[in-house]
4 protein chains.
Amino acid sequence: MPHLPDHLLTGYRNFMSGRYLAESGRYRSLAREGQSPETMIVACCDSRAAPEAIFDAGPGELFVLRNVGNLVPPYAPDDQFHSTSAALEFAVQSLKVKNIVVMGHGRCGGIRAALDPTAAPLSPGDFIGKWMSLIAPAAETVSSSTFMTATERQTALERISIRYSIANLRTFPCVSILEGKGRLSLHGAWFDISTGELWVMNKDTGDFERPEMT
Amino acid sequence: MPHLPDHLLTGYRNFMSGRYLAESGRYRSLAREGQSPETMIVACCDSRAAPEAIFDAGPGELFVLRNVGNLVPPYAPDDQFHSTSAALEFAVQSLKVKNIVVMGHGRCGGIRAALDPTAAPLSPGDFIGKWMSLIAPAAETVSSSTFMTATERQTALERISIRYSIANLRTFPCVSILEGKGRLSLHGAWFDISTGELWVMNKDTGDFERPEMT
Amino acid sequence: MPHLPDHLLTGYRNFMSGRYLAESGRYRSLAREGQSPETMIVACCDSRAAPEAIFDAGPGELFVLRNVGNLVPPYAPDDQFHSTSAALEFAVQSLKVKNIVVMGHGRCGGIRAALDPTAAPLSPGDFIGKWMSLIAPAAETVSSSTFMTATERQTALERISIRYSIANLRTFPCVSILEGKGRLSLHGAWFDISTGELWVMNKDTGDFERPEMT
Amino acid sequence: MPHLPDHLLTGYRNFMSGRYLAESGRYRSLAREGQSPETMIVACCDSRAAPEAIFDAGPGELFVLRNVGNLVPPYAPDDQFHSTSAALEFAVQSLKVKNIVVMGHGRCGGIRAALDPTAAPLSPGDFIGKWMSLIAPAAETVSSSTFMTATERQTALERISIRYSIANLRTFPCVSILEGKGRLSLHGAWFDISTGELWVMNKDTGDFERPEMT
């Protein structure tokens with residue numbers, strides 16, 4: 001018997017009688033002509049920070065990679081399986097997106113794990129520990145800032161990791177070349193789950209500021 | 001100056017005056033108490049198949065990993081950075097989700113790439129090629145099924161890859177142990193972008209069938 | 001000849017024909033009966049962060065100490081001249097204020113000086129350098145957080161120094177005794193000059209959060 | 001929970017919907033470009049004598065040091081923490097103010113304490129006693145002027161202390177050098193809380209006189 005959790009079946013029925021009904025033409029046309037999103041979002045898996053919700057995006061608008069901590073590792077053309085690099089390559093080279101936005105968020109569990117490297121691994125594989133070790137140097141300096149509160153350290157590392165991922169994006173030749181030609185632009189954003197505020201990275205300074213909402 | 005693409009800023013304004021305004025209590029409570037989603041979705045980056053849309057899910061409901069082709073690699077406790085395994089570990093061990101759903105979809109670009117291994121790599125790194133080679137054995141047999149149409153081969157591999165990822169999920173000790181205890185269940189689903197139909201995997205046979213919509 | 005800068009004389013004329021005229025009764029009564037402010041504010045000398053403006057306070061409301069960086073040194077009953085401790089003693093013991101608020105602000109020049117201890121002293125006395133060395137240990141850890149932007153380091157130290165001053169307030173026996181009896185409460189606040197936002201310290205965590213403005 | 005006394009929260013709301021709303025452009029520009037006040041005021045902490053009120057000053061106009069009794073100690077380049085000297089150094093050397101105004105006021109509690117040195121100290125530290133002992137020689141001669149009334153002695157010492165602080169200002173090399181070059185001028189003023197009158201010091205005679213208000 002085909003089976004899905006009830007909450008998904010209920011939600012799917014709402015989708016069919018709601019959004020799909022209203023936008024079936026768009027779905028059909030997207031199926032026929034293929035996707036051509038302008039923007040790729042690198043976001044976190046966190047259930048509270050879905051990019052489509054935060055940007056009120058409809059079908060076809062956002063190509064979305066989600067991993068724990070919204071990290072982009074540096075360019076490493078080796079024999080390994082690189083899911084993040086594969087998604088990046090597909091978005092930039094095949095779909096030719098114009099924008100890549102790395103979006104972090106407050107209270108991120110992955111970042112919290114990075115700040116507490118002495119915590120026991122969740123499993124013998126310690127996948128989270130290894131994955132978050134991508135930002136270990138930054139996590140160490142932040143962890144040692146004992147005059148900051150736990151929340152301040154967390155927010156600091158969340159924002160540092162966004163800048164780190166953007167810097168890593170530029171280690172990919174296809175990204176740096178297209179950015180240099182003005183055909184691709186990179187952005188950072190940080191979402192505050194509690195207040196709903198979106199803080200946007202200032203490209204000149206790296207600071208996160210709230211956009212004017214007029 | 002902080003800067004985001006216009007379509008994102010417009011969408012964000014809609015979010016703040018719409019969904020956030022209506023659900024600010026829920027966002028605040030999710031921020032305060034942390035997330036506790038029941039379900040993890042492994043989905044594709046494709047802009048036309050956002051799980052939150054298809055399952056009409058609100059904040060806090062779905063922990064969502066998205067990579068190209070919604071793949072789960074087999075358990076490999078080595079020194080590499082495994083973004084997919086890290087997300088899986090976090091969802092199962094830390095968040096203690098009750099369900100994992102691997103959701104594929106029609107017209108998947110990653111699957112199409114896997115079916116055409118002679119295509120020129122998108123970049124010298126060939127990240128997509130390596131990533132999709134996770135399902136290479138299946139892709140080869142499907143490619144050689146010359147009696148199937150191109151669309152049938154594509155759909156076939158999309159569904160095979162879902163079963164393959166579910167099988168890989170079971171190579172993770174934490175998954176197989178919890179599934180054995182009845183505390184975690186694994187599901188497969190396939191979304192038809194054009195018609196909006198959701199096909200759900202029959203656990204006994206592996207077939208994809210349409211759920212009853214009463 | 002008595003002489004004041006023109007802008008002060010002009011401003012004073014506005015005061016006499018405006019605020020004083022409207023509140024002369026209050027001024028007369030405050031002169032006759034003495035001051036009895038409920039709240040002492042420890043603020044910075046900065047021309048952009050006057051407490052009476054930010055709290056829209058009239059005559060008699062706020063007992064205001066202002067020094068560079070809104071610092072309170074630790075209790076030190078020695079033979080030196082302690083202007084900050086004298087003001088504190090006067091407010092708590094003589095005026096019996098009920099609240100003390102340490103209010104910092106963004107873009108503080110004193111904090112900036114503390115973050116750059118290698119800068120040449122402004123004068124042979126190096127009074128700013130010595131004064132800001134009160135928070136030297138915190139400044140050093142923040143200065144070494146090289147993954148943070150200059151603005152992030154500045155904001156971090158501005159908030160750390162507020163918590164530091166509040167901790168020092170509690171080293172004064174009169175403060176800690178009265179706080180223990182529930183007759184005095186200590187608060188922290190941080191003013192963003194650009195946006196006008198006031199961030200208020202959470203007493204439990206030390207974090208700065210925006211108060212609800214309903 | 002972030003918490004401030006109610007009267008401050010109410011006042012802050014008035015600020016945001018009043019002064020900040022009307023002058024947000026000025027606040028933003030002051031944040032962006034930094035402060036450049038022309039005038040430093042040395043004033044008392046007294047809640048009835050806020051310089052911004054008396055001089056009807058907007059954001060960015062006055063760099064304000066406030067301590068008990070508006071005192072400036074003499075230049076003492078030693079190892080101590082000198083909050084007043086630090087503020088002076090910052091105003092003169094870094095902000096390059098053109099004017100310094102020492103503003104005293106009637107019914108000053110600090111001056112009253114200086115006139116009654118036999119009073120019991122407010123605390124074991126006796127910070128007020130030590131701080132006001134900066135003007136002890138003058139206080140002693142005034143106390144012994146038994147032909148003056150108590151009010152006359154108080155007003156006399158309030159004005160003497162302003163002249164004393166101005167004399168101490170000139171012991172700072174940076175002040176005396178810049179004053180000699182005509183790039184910095186020193187002023188004295190005395191505010192009568194009851195009548196709102198401002199008395200301005202005559203630089204030639206040291207007398208306090210009422211400025212012409214035409």
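Analyst: Arg170(A) counts as partly exposed, since its relative accessibility is 39%. The general idea is a scale: buried means under 20% relative accessible area, exposed means over 50%, and partly exposed lies in between (1.4 Å probe, protein chains only). Before we go on, note that this is a predicted model, where local features need pLDDT of at least 70, side-chain atom pairs count only at pLDDT 80 or more, and totals for chains, interfaces and linings use all residues. Residues are numbered from 1 along each chain as its sequence is written, chains are lettered from A and ligands numbered from 1 in the order in which they are written, and side-chain values use heavy atoms, with hydrogens and water left out.

User: Which side chain meets that of Arg170(A) in a salt bridge?

Analyst: The general idea comes first: side chains of opposite charge can pair when their charged atoms come close. The rule asks for a side-chain nitrogen of Lys or Arg within 4 Å of a carboxyl oxygen of Asp or Glu. Here the partner of Arg170(A) is Glu179(A), at 2.7 Å from N to O. Glu179(A) has 23% relative accessibility, so it is partly exposed.

User: What do Arg170(B) and Glu179(B) form in chain B?

Analyst: Their side chains also meet in a salt bridge, with 2.7 Å between N and O. Arg170(B) is partly exposed at 40% relative accessibility, and Glu179(B) is partly exposed at 24%. Turn to chain C and you find Glu179(C) paired with Arg170(C), again at 2.7 Å. Glu179(C) has a relative accessible area of 25%, so it is partly exposed, and Arg170(C), at 38%, is partly exposed too.

User: In which helix is Ser29(A) found?

Analyst: Helices (H or I, at least four residues) and strands (E, at least two) are DSSP runs, numbered from the N terminus. Ser29(A) sits in helix H2 of chain A, residues 19–33. At 23% relative accessibility, Ser29(A) is partly exposed. Compare sequence with space: Ser29(A) and Arg19(A) are 10 residues apart in sequence, and their C-alpha atoms are 15 Å apart.

**Reading an interface**

User: How many residues does the contact take from chain B and from chain A?

Analyst: Contact means heavy atoms within 4.5 Å. Chain B gives 100 residues and chain A gives 100 residues. Buried area is the accessible area (1.4 Å probe) that two parts lose on being put together, summed over both. For chain B and chain A this is about 8400 Å², with carbon and sulfur atoms giving 63%.

User: How many salt bridges cross the interface of chain B and chain A?

Analyst: The rule finds 2. One of them joins Glu52(B) to Arg66(A), whose closest N and O atoms are 2.8 Å apart. Helix H1 of chain B (residues 6–33) gives the most to the side of chain B that touches chain A, with 16 residues.

User: What about chain D and chain C?

Analyst: That contact takes 99 residues from chain D and 99 residues from chain C. The area buried between chain D and chain C is about 8400 Å², and carbon and sulfur atoms give 63% of it. Between chain D and chain C there are 2 salt bridges, including the one between Arg66(D) and Glu52(C), with the closest N and O atoms 2.8 Å apart. On the side of chain D that touches chain C, the largest share is 16 residues from helix H1 (residues 6–33) of chain D.

User: How far apart are the nearest C-alpha atoms of chain A and chain D?

Analyst: They are 13 Å apart, and these chains do not touch. Chain B and chain D are not joined by any contact either, and their closest C-alpha atoms lie 12 Å apart.

**Reading a core**

User: How many residues does the largest nonpolar core have?

Analyst: A nonpolar core is a set of buried Ala, Val, Leu, Ile, Met, Phe, Trp, Tyr and Cys residues joined through side-chain atoms within 4.5 Å. The largest here has 96 residues, and among those with the most contacts inside it are Leu157(A), Met40(B) and Ile100(D). Beyond its neighbours within four places in sequence, Met40(B) contacts residues including Phe63(B), Leu65(B), Ala91(B) and Ile100(B). A second, separate core has 91 residues, among them Leu178(A), Ala139(B), Cys108(D) and Ile135(D).
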